[in-house]
Amino acid sequence: MLKHHPAIVADRRAAARVYGQIAFGAAADGDRAESWRWVRRCVRADPRQWRAVVTLAVLAHPPNAERVLNALHQFGRGV
């Protein structure tokens, strides 16, 4: 997706959002190395991006990905 939409990468906040989503997905799949790679990119692009923090919680306790998503959906948010 990032290759097809270079405007996303050009905007640091938009890039951080997508990087955070990718990081969360990798963490939920159990791919810790890939998730850490995207978390680092996310934080470098926008240190205030909350998706990085949520991903770190999932990395600390991998079975919690579903629980985290359910909690976010209760507040009308998603990753």
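In this predicted model, Ser35 is buried, with a relative accessible area of 0%. The residue belongs to helix H3. Which residues is Ser35 in contact with, once its neighbours within four places in sequence are set aside? The contacts are Ala23, Ala26, Ala27, Thr55 and Leu59. Ala23, one of these partners, is also a member of the largest nonpolar core. Because the cut-off for burial is under 20% relative accessible area, the 0% of Ser35 places this residue within the buried class.

The largest nonpolar core has 12 residues, and its members are Leu2, Ile8, Ala15, Ala16, Val18, Tyr19, Ala23, Trp38, Val39, Cys42, Ala45 and Ala52. At least two residues of this core come from helix H2 (12-29), and at least two come from helix H3 (32-45). Which helix provides the largest share? Helix H2 does, with five residues. Apart from this core lies another one, of nine residues, including Phe24, Val54, Ala65 and Val79. In soluble globular proteins, nonpolar side chains tend to be buried together.

Beyond its neighbours within four places in sequence, Tyr19 is in contact with Leu2, Val9, Trp38, Arg41, Cys42 and Ala45.

Stepping back to the whole chain, the fold contains five helices and zero strands. Read from the N terminus, the order of elements is α-α-α-α-α. The radius of gyration is 12 Å, close to the 12 Å that the globule rule gives for 79 residues, so the chain is as compact as a globular protein of that length. The C-alpha trace spans about 35 × 30 × 25 Å along its principal axes. Of the 79 residues, 35% count as buried. How much of the contact set between residues at least 6 apart in sequence joins residues at least 24 apart? That share is 49%.

Notes. Residues are numbered from 1 along each chain as its sequence is written. This is a predicted model: local features need pLDDT of at least 70, side-chain atom pairs count only at pLDDT 80 or more; totals for chains, interfaces and linings use all residues. Side-chain values use heavy atoms; hydrogens and water are left out. Helices (H or I, at least four residues) and strands (E, at least two) are DSSP runs, numbered from the N terminus. The radius of gyration is taken over C-alpha atoms; the globule rule is 2.2 Å times the number of residues to the power 0.38. Buried means under 20% relative accessible area, exposed over 50%, partly exposed in between (1.4 Å probe, protein chains only). Contact means heavy atoms within 4.5 Å. A nonpolar core is a set of buried Ala, Val, Leu, Ile, Met, Phe, Trp, Tyr and Cys residues joined through side-chain atoms within 4.5 Å.
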